[in-house]
Amino acid sequence: MRIRLYKTAFLLISTFLLLSCDDTDSFAPAGNRTLTFAEETVDLGVVFSGMPSATKDIWVYNSTGDGIVCSEIRLAQGNQTGFRVNVDGWYLGPTSGYRAQDVEIASGDSIRIFVELTSFATGREEPQELSDYLIFTLDGGTTQRLLLKATTLDAVEWENYDISSSVTVAEDRPVLVRKTITVAEGAVLTIAAGTTLYFANNAGIDVHGTLVCEGEAGNEVCLRGDRIDNMFDYLPYDRVAGQWQGVHFYPSSVGNRLTYTDIHSTYNGIVIDTPTNEGIHLTGEQLTVHNCQGYGILSQGANIQLVNTQVSNALESCLNLEGGGAYINGCTFAQFYPFDSQRGAAIRFSNYEADLYQMTCLNSIFTGYADDVVAGAVADNGKAFVYQFDHCLLRTEIPSNEHKDNFVDCIVEDITSEEEGSFHNFAVFDTENLIYDFSLATGSAAIGNAAPVTVPSIDRLGASRDEHPDMGAYEYIEANE
């Protein structure tokens, strides 16, 4: 047995040595032979000036019948554009004159090229196109070019992370937030219309005082993650949950108002700790909270008002009320979180921790993948449990016990229909590319069934509702199809 092993090892080593010595590639001048690029362009997408981009790689193949020598591979503009290139382990930097020389690619072989970018500030508010070429000069004089390009944005670095007095932020350019902003008790942070904050993964907003977002129709406040590159070619990080930490209101916080505001791709979207003061702790009007790796909105004994608000796709419940009070009108709660089948409800409400002294839901949609996405839990602890659904579209079974009177003129979705998950209610539902539009689609039972007397006069986008208004955050527009 041992002799056979030795013989096998000897044969393997001999074969390796023979193959290593078998050099049939002549590496003669290339003549008409050329390289093949896996892509014609290396596009790094949108990047912030001054911030390193993600690294993108590309393969370069020699598909000819003989070896090719690249006498030179160089970055055309050197250090003038901010592109950084590594050619199969050789960095094209100032020491090498931004070039690699005498790079051999055997027949049927390839080299791998890595490209990054740290662009320079442009001094302009508008995005700027940036490009350079990687130039391959082959033995024999043939020249090939690979385009490198990106779109660069000048951004403003957030400076005051500890806000102890009232501050207003109004900025046309992107604002980069590297760590958590803390608003002290008594201070007010106001974010003006058109301002977009880009948060690092470990960053968010902790509010002990008051947060006011003053967006306008067509000119909203946007709170999002700072990754503007793609996870995959078809999937931007901006469509992936858990990119930043969200907004956290602490017990002393009161009077918060978020208007025409888009919060998305967070861990928890909004968390409200048990307040230590009276008043309205959060008012959300024309608010979107979408794609959360935790809760959409978690309210722990707080008093909140949500009007024309969309809360969608959260791993935990889209809206979780642990006691307190809630006035909800013209809202859409859509639980279609795509990354985990153990997702929570569209709405969950209970009196376990505190009195649920009043929850009123008017003209709203509560739907999702599961057969029942409306979850109420009452504890026999003497705490109040007061709630009502009026003119709402519900994916649940209305109880036949003493709670049946809590449902007035509601429509229950038919869970036996072929349209599983009720996503047929909505205009765009692309789970492959994670693109959603929760405007109403033709045929939705929500169309025309809101109560004209109580429904808000406008919808999530600021459009007027007609004389036969629709349930949910969006008034139906046939052009949505």
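Arg227 lies over the face of Tyr237, at 3.8 Å from the ring centre. The model is predicted. It contains 12 salt bridges and 24 aromatic pairs.

**Salt bridges**

- Side chains of opposite charge can pair when their charged atoms come close.
- Arg112 and Asp57 form a salt bridge through their side chains, with an N to O distance of 3.2 Å. The partners belong to distant parts of the chain: Arg112 is in strand E8 (residues 110-117) and Asp57 in strand E3 (residues 56-61), 55 residues apart.
- Arg112 has a relative accessible area of 31% and is partly exposed; Asp57, at 30%, is also partly exposed.
- Glu157 is joined to Arg178 by a salt bridge whose closest N and O atoms are 2.8 Å apart. This pair also links distant parts of the chain, 21 residues apart, with Glu157 in strand E11 (residues 156-157) and Arg178 in the loop between strand E14 (175-177) and strand E15 (181-183).
- Glu157 counts as partly exposed at 36% relative accessibility, and Arg178 counts as partly exposed at 37%.
- Arg465 and Glu475 meet in a salt bridge of 3.6 Å, N to O. Both residues lie in the segment after strand E42 (435-440), so the pair ties together parts that are 10 residues apart in sequence.
- Arg465 is buried at 10% relative accessibility, and Glu475 is buried at 6%.
- A network of salt bridges links Glu72, Arg74 and Arg99.

**Sheet containing E3 and E8**

- Strands of a sheet pair through backbone hydrogen bonds, either parallel or antiparallel.
- An open sheet of five strands has the order E1-E3-E8-E5-E6, with antiparallel pairing. Its edge strands, each pairing on one side only, are E1 (36-37) and E6 (90-91).
- E3 and E8 run antiparallel and are joined by six bridges. Tyr61 has Ser110 in E8 as its bridge partner.

- Asn351 is located in the loop between strand E33 (347-350) and strand E34 (356-362).
- With a relative accessible area of 0%, Asn351 is buried.
- The side chain of Asn351 reaches the backbone nitrogen of Ala379 at 2.7 Å.
- Leaving aside residues up to four places away in sequence, Asn351 touches Leu356, Ala377, Val378, Ala379, Asn381, Lys383, Ala384 and Phe385.

**Aromatic pairs and cluster**

- A pair of aromatic rings is described by the distance of the centres and the angle of the planes.
- The model has 24 aromatic pairs. For Phe349 and Tyr387 the ring centres are 5.0 Å apart and the planes are at 50°, so the pair is tilted. Phe349 in strand E33 and Tyr387 in strand E37 (residues 385-390) are 38 residues apart, and the pair links distant parts of the chain.
- Phe349 is buried at 3% relative accessibility, and Tyr387 is buried at 7%.
- Phe426 and Phe438 have ring centres 4.9 Å apart and planes at 80°, so this pair is edge-to-face. Phe426 in strand E41 (residues 426-430) and Phe438 in strand E42 are 12 residues apart. Both Phe426 and Phe438 are buried.
- One aromatic cluster is formed by Phe333, Phe349, Phe366, Phe385, Tyr387, Phe389 and Phe407.

Notes
Residues numbered from 1 in each chain as written. Predicted model: local features only at pLDDT ≥ 70, side-chain atom pairs only at ≥ 80, totals over all residues. Heavy atoms only, no water. Salt bridge = Lys/Arg side-chain N within 4 Å of Asp/Glu carboxyl O. Helix = DSSP H or I, 4+ residues; strand = E, 2+ residues; numbered from the N terminus. Buried < 20%, exposed > 50% of the residue type's maximum accessible area, 1.4 Å probe, protein only. Pairing = 2+ DSSP bridges. Polar contact = N/O pair within 3.5 Å; in protein donor to acceptor, adjacent residues only side chain to side chain. Contact = heavy atoms within 4.5 Å. Phe/Tyr/Trp six-rings, centres within 6.5 Å; stacked < 30°, edge-to-face > 60°. Lys NZ or Arg CZ within 6 Å of the ring centre and 35° of its normal.
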